[in-house]
Amino acid sequence: MTETRPSIETARRALVARLAAAGIEEAALDARMLIGAALGLDLTGLVAQANRQVTADEAERLERTVQRRLAGEPVARILGIREFWGLPFHLSQATLVPRPDTETVVERALEIYRERPASMPPPRIVDIGVGSGAILLALLHEIPGAFGVGTDLNLDALRTAKRNAAALGLSDRVAFVACSYVDALAGSFDLIVSNPPYIRSADIASLSREVREHDPHLALDGGRDGFDAYRALIPQAAARLVPGGALIVEAGQDQAGEIETLMRAAALWIERPPKADLAGIPRAVSARKMPP
């Protein structure tokens with residue numbers, strides 16, 4: 001007797017129920033992404049082929065990814081790719097999964113860039129701790145002619161960022177350097193951006209399973225009080241900014257005020273309040289280097 005296999009729509013609904021029963025908040029979205037990847041279909045394809053039966057190979061492939069999700073692995077890790085700023089970014093074990101909160105850094109950097117006189121040349125940009133390249137490559141995508149440098153201690157992260165730059169057609173406008181903060185860089189830059197590690201060491205154990213077990217701790221651990229990276233990078237960045245240049249960093253919850261204090265101590269000028277994310281948390285903290 002031939003086994004009757006479920007339709008794509010039936011399989012999707014069953015998967016939503018399984019994920020929801022496991023306490024996964026975005027069960028419907030995760031189910032759509034997992035089944036789409038297993039079947040090689042985008043949303044349009046899933047709708048158009050909703051009544052088609054799932055093949056045995058597809059069901060087996062889907063079940064492997066579902067088991068990984070039920071074990072706490074984020075969908076972006078399973079698929080190896082995450083969208084940020086409307087662009088696809090490949091991931092590796094050395095990179096964070098880019099999050100929507102971080103888009104506030106891009107937004108603030110573009111606000112500052114768009115205030116520049118049109119006669120000025122395209123900006124030179126540095127991303128400290130570049131990871132997958134999400135912030136830097138999003139900015140290069142938005143700013144014609146801009147040149148960027150991404151620094152990171154992890155060679156695997158740099159390889160991932162380089163791969164993303166190539167996939168986005170930006171290889172000729174970016175360079176990647178293995179170093180701590182901006183130690184190996186010379187010259188001055190118009191924009192310096194960073195999403196540094198800012199989680200207090202003692203708080204990492206209480207992070208969600210998806211984060212604490214799958215994001216690289218080097219990119220999370222901000223030391224005892226969460227400010228180790230800021231104390232190191234802010235004065236270094238200030239020294240590399242051109243007069244009028246800006247530093248923009250991502251902040252954790254309740255960290256913006258102390259970061260601004262560190263920026264002032266580095267002789268940077270706080271010209272506007274931090275930019276909040278969709279939850280209202282001050283997320284992108286910025287300051288300028290004043291002319292001497």
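The legends below describe close-up views of a predicted model. Local features require pLDDT of at least 70 and side-chain atom pairs count only at pLDDT 80 or more, whereas totals for chains, interfaces and linings use all residues. Residues are numbered from 1 along each chain as its sequence is written, and side-chain values use heavy atoms, with hydrogens and water left out.

**View 1. Helix 8 and its ends.** Helix 8 comprises 13 residues, 155-167; helices (H or I, at least four residues) and strands (E, at least two) are DSSP runs numbered from the N terminus. From its first C-alpha to its last it reaches 18 Å, close to the 18 Å expected at 1.5 Å a residue, where the expected span is 1.5 Å times one less than the number of residues. G169, which follows the helix, has a positive phi near 70°.

View 2. A157, L158, T160, A161, N164 and A165 are the buried residues of helix 8 (buried: under 20% relative accessible area; exposed: over 50%; partly exposed: in between; 1.4 Å probe, protein chains only). Because they cover an arc of only 160° around the axis, they lie on the same side of helix 8; the arc is that of the directions from the helix axis to the C-beta atoms. They pack against strand 2 (87-90), helix 7 (134-142), strand 4 (147-152) and strand 5 (174-178); contact means heavy atoms within 4.5 Å. R159, K162 and A167 are exposed on the other side.

**View 3. The buried side of helix 11.** In helix 11 (residues 256-265), the buried residues are A256, I259, E260, L262 and M263. Their arc of only 160° around the axis puts them on the same side of helix 11. Their cover includes helix 10 (228-240), strand 7 (241-250), strand 8 (268-269) and strand 10 (282-289). After helix 11 comes A267, with a positive phi near 65°.

**View 4. Positive phi at two loop residues.** Most residues other than glycine have a negative phi. Y181, in the loop between strand 5 and strand 6 (189-194), has a positive phi of about 55° and is partly exposed at 23% relative accessible area. D254, in the loop between strand 7 and helix 11, has a positive phi near 65° and is exposed at 73% relative accessibility.
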